[in-house]
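Hello,

Here is the structure we spoke about handing over. My notes follow below it.

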Amino acid sequence: MSTSVLIGRRVRVGLSDPWDFVTENGNWRTGVITNQTETSGSSRPLFGIDLDEPVEAKGKKAKSIWASFRHAD
């Protein structure tokens, strides 16, 4: 299955590292996949995700992120 069919799908993104980031933002966020790109030399595509609620780190907020699968299998 092509990963491009995932654009427009709602997702739940798990946050795991670094610890202080998870402490500040919680373990997960929900959002919608808006973009996808293949990375050279990697079997893991990157997904652009517009989050329902922003994440925050060091006083800066982000409503859009790039994420990848944690495991390729």
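Is Gly8 buried or exposed? The model is a predicted one, and in it Gly8 has a relative accessible area of 51%. The cut-off for exposed is over 50%, so Gly8 counts as exposed.

Gly8 sits in the segment that precedes strand 1, which covers residues 10-14. Its contacts, leaving aside residues up to four places away in sequence, are Val32 and Ile33. Gly8 and Ile33 are 25 residues apart along the chain, yet their C-alpha atoms are 5.3 Å apart in space.

Strand 2 (residues 28-37) and strand 3 (residues 46-57) run antiparallel and are joined by 6 bridges. Ile33, already mentioned as a contact of Gly8, stands opposite Ile49 in strand 3.

Last, the charged side chains. The count of salt bridges is 1. It is formed by the side chains of Asp52 and Arg10, at 2.4 Å from N to O. The pair links distant parts of the chain, with Asp52 in strand 3 and Arg10 in strand 1, 42 residues apart. Arg10 is exposed, at a relative accessible area of 54%. Asp52 has 33% relative accessibility and therefore counts as partly exposed.

Regards

Methods
Residues are numbered from 1 along each chain as its sequence is written. This is a predicted model: local features need pLDDT of at least 70, side-chain atom pairs count only at pLDDT 80 or more; totals for chains, interfaces and linings use all residues. Side-chain values use heavy atoms; hydrogens and water are left out. Helices (H or I, at least four residues) and strands (E, at least two) are DSSP runs, numbered from the N terminus. Buried means under 20% relative accessible area, exposed over 50%, partly exposed in between (1.4 Å probe, protein chains only). Contact means heavy atoms within 4.5 Å. Two strands pair if DSSP finds at least two bridges between them. A salt bridge is a side-chain nitrogen of Lys or Arg within 4 Å of a carboxyl oxygen of Asp or Glu.
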